[in-house]
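Dear colleague,

Please find below the structure that I am handing over to you. My findings follow directly after it.

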Amino acid sequence: MKIFFHQKIKQIIVHINAFGTHYILLCYHVIYYCSGKLLKCSNCQYVYYCDRNCQKESWPIHKAECTCLKKVSPKVLPDAARLMARIILKLNQGGAEEVGYYTEKNFRRFKDLMSHYSDIKVDVKRMEHFTMLCGVLSQFLDETFMPNIAELMGIYGRICTNSFNILDINMNTIGVGIYLGASVIDHSCKPNVIVVFEGTTIIVRTLTDLPSLDWSQASIDKDIRISYVDLLNSNKDRREELHSSYYFWCDCERCKKEEPMVEAAACPNLLCDSPCSIEADECEKCNKEISVEFKETFREVVDFTIHHLEKMKTMAYLDVSKICLKKQKGIMHKFNIQHVRTLEMAHIAAMNLKCWEDAEFYGKELVPGYLLYYGEIHPLTGLLYLTVGKIQLHLEKPKEAFQALTKANTVLTITHGDKHSIVEEELRPLLYQADMESNSA
């Protein structure tokens, strides 16, 4: 693991205290698994690399892996099994002593990561998965590499509860990795730091100004938090996901608050924009009656929406999304999570089909929901502004594009930094283009 700076961090803190700007907290490299059609290993014909340097750096691990992959060919090794195998090989090559620093003096080794051994032993789904992986690994790895069952479960548990999804510039998962130093950061549904990636380098940046950068264990546990789960979910769903995946019940500030919007109905009075509880008999704001018929319709629309959102998990369909949105109109509140997710599906589907007018419309409609659930400063909010701006440029709307891209610039320079490739190579050229075209229009 490598930290990119130590002494510079003090200078950055001075800059923070003086000007209140955001800053990078830490960066690490990773031993990772990632797939994609790039440079193929000529021996196993299975593993791909981004370039020759990447291939050379990976060889100490891949050398042993390569032989094993040839042995099981043409079978395809499950991603989780390959990640687990790479960690086992790494540990056999002295990786147990490798450290990931999160301060100049404080670090973590692989054994310092929580394994949740006792939790996993009573988790039926995880134990089924673990048993399957053990069977695969016994065929894949040489006996001399294989740890005993207790050690295997410890490795499996550390992967389950400490790994990071490696994301591309569009926040899509392209791999999974263990980052020893970064794994020290705990969760909050109202995070004050965010994780982004530049290739396989993890970057943790603040979303809000921090009074100081104290990386003692006590301070990290208390003051520095990321989100382990998607924030576009209800308190109930987030807490259940955290408990099933990480074995704790979240009691953060956000989870303690009521959520009037999450499952809200629209007010039957079309002139009122107040969210209504479907269990209430009237709107709290305008006192409009919520009839039995309206309640029945609302529940039918909710069931219809949930059913189709589930079917669209792997592929978004524009026609289906439009049908759902039509049924939701005047029934679901605009900040109902199911409505926001439907807008998301419509936006994605329209882009996939290159229906740019629809993509722009649904993107703009999606912004208020993202601002509510993700917040004003969040990578997904910034990327939505960027996407809308790109579409508007394509539609020859440079003035609107310039406004959207300016908002994207404000967000992404905080969440990613002004040196990140998405800012330098994509956003700034588009912003310049929009500025030039809007001024010449």
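His333 counts as buried because its relative accessibility is 5%; buried means under 20% relative accessible area, exposed over 50% and partly exposed in between, with a 1.4 Å probe and protein chains only. This is a predicted model, in which local features need pLDDT of at least 70 and side-chain atom pairs count only at pLDDT 80 or more, while totals for chains, interfaces and linings use all residues. Residues are numbered from 1 along each chain as its sequence is written, and side-chain values use heavy atoms, with hydrogens and water left out.

His333 is located in the loop between helix H11 (318-328) and helix H12 (337-352). Helices (H or I, at least four residues) and strands (E, at least two) are DSSP runs, numbered from the N terminus. Leaving out residues up to four places away in sequence, His333 touches Met261, Ala264, Ala265, Ala266, Asp273, Ser274, Pro275 and His339, where contact means heavy atoms within 4.5 Å. A polar atom of the His333 side chain lies 2.9 Å from the backbone oxygen of Asp273.

Helix H12 also packs with helix H10 (residues 292-311), at an angle of about 40 degrees and with the axes 10 Å apart. Axes are lines fitted to C-alpha atoms, for helices over the stretch in contact, and angles run from 0 to 180 degrees between N-to-C directions. H10 is therefore oblique to H12: angles under 35 degrees count as roughly parallel, over 145 as roughly antiparallel, 65 to 115 as roughly perpendicular and the rest as oblique. On the H10 side the contact is made by Thr305, Ile306 and Leu309, and on the H12 side by Gln338, Arg341, Thr342 and Met345.

Turning to the whole protein chain, there are 16 helices and 12 strands. Of its 441 residues, 47% count as buried. Among contacts with a separation of 6 or more, 62% come from residues 24 or more positions apart.

The largest nonpolar core has 71 residues, and those with the most contacts inside it are Phe164, Phe197, Leu386 and Leu405. A nonpolar core is a set of buried Ala, Val, Leu, Ile, Met, Phe, Trp, Tyr and Cys residues joined through side-chain atoms within 4.5 Å. A second, separate core has 36 residues, including Ala81, Ala85, Leu133 and Leu152. In soluble globular proteins, nonpolar side chains tend to be buried together. Apart from neighbours within four places in sequence, Leu386 is in contact with Leu405, Ala408, Leu412, Ile422, Glu426, Leu427 and Leu430.

Which residues does Ser245 touch, not counting those up to four places away in sequence? They are Arg126, Cys160 and Thr161. Ser245 lies in helix H8 (residues 235-246).

Most residues other than glycine have a negative phi, and most peptide bonds are trans. The peptide bond from Ser73 to Pro74, however, is cis, with omega near 10 degrees; Pro74 is in the loop between helix H2 (52-72) and helix H3 (79-92). Although it is not a glycine, His116 has a positive phi of about 50 degrees, and it is found in the loop between strand E6 (107-108) and helix H4 (117-121). Tyr247, also not a glycine, has a positive phi of about 65 degrees and lies in the loop between H8 and helix H9 (253-256). Tyr247 is buried, as its relative accessible area is 16%.

With kind regards

Definitions and conventions: Polar contact = N/O pair within 3.5 Å; in protein donor to acceptor, adjacent residues only side chain to side chain.
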